[in-house]
Amino acid sequence: MIDAEGLKVGDRLPPEVEIARRLGIGRAKAREALTSWQSMGIVVRNKKAGTRLAA
């Protein structure tokens with residue numbers, strides 16, 4: 001999805017609901033994946049600013 005969208009470091013990812021819909025998964029699974037990516041330093045999450053690609 002990141003490659004298909006052409007996202008680069010600093011770009012904003014779609015909201016959890018949109019990611020879940022596009023991938024055909026539940027929002028909880030999308031949130032779990034983003035939390036894992038955050039702990040690995042792949043994304044930076046901010047409640048007001050959304051999720052941005054960090055690496």
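Reader: What radius of gyration does the protein chain have, and why does it agree with a compact globule?
Author: This is a predicted model, in which local features need pLDDT of at least 70, side-chain atom pairs count only at pLDDT 80 or more, and totals for chains, interfaces and linings use all residues. Residues are numbered from 1 along each chain as its sequence is written, and side-chain values use heavy atoms, with hydrogens and water left out. The radius of gyration is taken over C-alpha atoms, and the globule rule is 2.2 Å times the number of residues to the power 0.38. Because a compact globule of 55 residues would be near 10 Å, the chain agrees with its own value of 10 Å.

Reader: Which pattern does the protein chain follow along the sequence?
Author: Helices (H or I, at least four residues) and strands (E, at least two) are DSSP runs, numbered from the N terminus. The protein chain has three helices and two strands, and read along the sequence they give α-α-α-β-β.

Reader: How are H2 and H3 placed relative to each other, roughly parallel or roughly perpendicular?
Author: The axes, which are lines fitted to C-alpha atoms, for helices over the stretch in contact, with angles from 0 to 180 degrees between N-to-C directions, come within 8 Å for helix H2 (residues 16-23) and helix H3 (residues 27-40) and cross at roughly 110 degrees. Angles under 35 degrees count as roughly parallel, over 145 as roughly antiparallel, 65 to 115 as roughly perpendicular and the rest as oblique. Therefore H2 and H3 are roughly perpendicular.
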